[in-house]
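Take a look at the protein below.

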Amino acid sequence: MSELVTGEAVALELRPARLPSRALAVLLDLVAAMAVYVAVTIVLVTSTASLDEAAQTALSIATFVLVLVGGPIAVETLSHGRSLGKLACGLRVVRDDGGPIRFRHALVRGLIGVIEILMTFGIVACIASFVSARGRRLGDVFAGTLVVRERIPVTRTAFVPPPPPWLAGRFSGLDLSAVPDGLWLAVRQYLTRMQQLDPQVGWSMAERLASDLAERTGAPVPQGVPPAAYLAAVVQERQAREARRAFGSDAGRAAMPAAVPATNGRAVSPEARGGTAAVHGPPVGAAEVVSEPSAGKRPAESPAGSAGDRPGTRFVPPA
């Protein structure tokens with residue numbers, strides 16, 4: 001299975017098609033193309049019987065190129081990677097990043113397919129598919145495409161736990177542009193599976209991921225914030241930014257959790273209802289927008305032993 005990461009830190013699971021299903025799809029496409037080619041040839045022979053031999057040869061070559069080469073290219077371009085054989089086998093051609101292909105992708109696949117499928121009877125394509133880890137032939141390698149399975153068993157989507165309410169919106173000032181997709185994927189996988197890990201192992205993994213994330217953002221992890229809660233809050237901040245960029249500010253506010261009433265003396269400001277969970281009081285840091293009332297102490301800065309001062313977060317870290 002191949003995993004790609006979108007801007008919302010969601011892993012797209014792509015199941016590459018293997019040689020048997022791809023060979024069956026190519027066979028169906030060739031049968032359909034040959035049937036069209038024979039029908040067009042019969043019509044041309046009957047309608048151009050009065051032409052000389054050179055003209056008939058030129059028409060035959062043009063028909064071969066247009067039907068057996070241009071036809072598959074046009075079909076894949078118009079159907080976004082789903083030819084007749086691939087549609088029957090539940091396959092589809094996509095780009096390496098999971099997006100739909102365009103004319104240039106179909107053109108490269110079609111031209112190279114003439115050599116590795118038609119001229120070599122599929123031997124080169126079979127060898128390339130066996131060697132490739134994702135079953136790609138030479139046309140896919142040069143075009144930057146991948147044939148994937150569309151009809152796959154429905155699986156339960158892993159749930160990314162939300163951060164504690166008192167951390168919502170706290171990292172709105174972080175610079176997330178330097179964080180690579182691989183780190184986002186590692187953080188998401190940890191958050192979805194941390195309940196299945198040993199507490200000590202999960203805590204050490206969270207600390208390592210939080211340290212890597214803090215190094216990429218240039219801001220240290222706030223003191224007193226559990227690493228798992230920090231990771232969940234940063235992932236939620238990225239999702240909110242992508243939602244605002246794609247759908248506007250209202251979608252970004254909807255991506256943030258709703259403000260909760262005052263808890264343990266914490267007064268939540270009206271801005272929290274708009275998606276920025278700010279709390280009245282002095283600011284606590286350059287990258288933080290959560291503050292505490294002057295009469296109380298912020299749970300994140302309380303000593304490690306005073307766990308009773310922390311508000312209820314409904315977030316269960318691995319340790």
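Where is the place of Phe121? Phe121 sits in the loop between α4 (103-119) and α5 (123-131). Keep in mind that this is a predicted model. The backbone of Phe121 deserves a look. Its phi is near 60°, a positive value in a residue other than glycine. Is Phe121 buried or exposed? Its relative accessibility is 74%, so Phe121 counts as exposed. The cut-off for that label is over 50%.

Now step back to the whole chain. The protein has 319 residues, and 40% of them count as buried. It contains 10 helices and 4 strands. Read from the N terminus, the order of elements is β-β-α-α-α-β-α-α-α-β-α-α-α-α. The protein exposes about 17,300 Å². Carbon and sulfur atoms supply 63% of that area.

How does the chain meet itself?

Start with Gly85, which lies in helix α3. Is Gly85 buried or exposed? Its relative accessible area is 0%, so Gly85 is buried. The limit for buried is under 20%. Which residues does Gly85 touch, leaving out those up to four places away in sequence? They are Ala25, Leu28 and Asp29. Gly85 and Leu30 are 55 residues apart in sequence. In space, their C-alpha atoms are 8.6 Å apart.

Asp96 is in the loop between β3 (91-95) and α4. Its relative accessibility is 29%, so Asp96 counts as partly exposed. Val147 is 51 residues away from Asp96 along the chain. The C-alpha atoms of Asp96 and Val147 are separated by 9.4 Å.

One more loop residue is worth a stop. His80 is found in the loop between α2 (53-78) and α3 (84-89). Like Phe121, it has a positive phi. For His80 the value is about 55°, although His80 is not a glycine. How accessible is it? At 38% relative accessibility, His80 counts as partly exposed.

Next come the helices. Two packed helices are described by the angle between their axes and the distance between the axes.

Begin with helix α7 (residues 181-193) and helix α8 (residues 199-217). Their axes come within 11 Å and cross at roughly 150°. Angles over 145 degrees count as roughly antiparallel. Therefore α7 and α8 are roughly antiparallel to each other. Their crossing is left-handed. Which residues meet here? From α7 come Leu183, Trp184, Ala186, Val187 and Tyr190. From α8 come Gly202, Met205, Ala206, Leu209, Asp212, Leu213 and Arg216. The residues of this contact divide into 9 nonpolar, 1 polar and 2 charged.

Helix α7 has another partner, helix α9 (residues 227-247). These two pack at an angle of about 125°, with their axes 10 Å apart. That makes α7 oblique to α9. Here, too, the crossing is left-handed. On the α7 side, the contact is made by Asp181, Trp184, Val187, Tyr190 and Leu191. On the α9 side, Ala228, Leu231, Ala232, Val234, Val235 and Arg238 take part. How do the residues of the contact of α7 with α9 divide? There are 9 nonpolar, no polar and 2 charged.

That leaves α8 with α9. At what angle do their axes cross? The angle is roughly 45°, and the axes come within 8 Å. That makes α8 oblique to α9. Again the helices pass in a left-handed crossing. In α8, the residues are Trp203, Ala206, Glu207, Leu209, Ala210, Leu213, Ala214 and Thr217. They meet Pro227, Ala228, Tyr230, Leu231 and Val234 in α9. This contact divides into 11 nonpolar, 1 polar and 1 charged.

Trp184 of α7 takes part in the contact with α8 and in the contact with α9. Leu209 of α8 meets α7 and also α9. Leu231 of α9 meets α7 and also α8.

Technical notes. Residues numbered from 1 in each chain as written. Predicted model: local features only at pLDDT ≥ 70, side-chain atom pairs only at ≥ 80, totals over all residues. Heavy atoms only, no water. Buried < 20%, exposed > 50% of the residue type's maximum accessible area, 1.4 Å probe, protein only. Areas by Shrake-Rupley, 256 points an atom, 1.4 Å probe, with all protein chains shown as cover. Axes fitted to C-alpha atoms, helices over the stretch in contact; angles between N-to-C directions. Parallel < 35°, antiparallel > 145°, perpendicular 65-115°, else oblique. Left-handed = near helix turned anticlockwise from the far one by under 90°. Contact = heavy atoms within 4.5 Å. Nonpolar A, V, L, I, M, F, W, Y, C, P; charged D, E, K, R; others polar.
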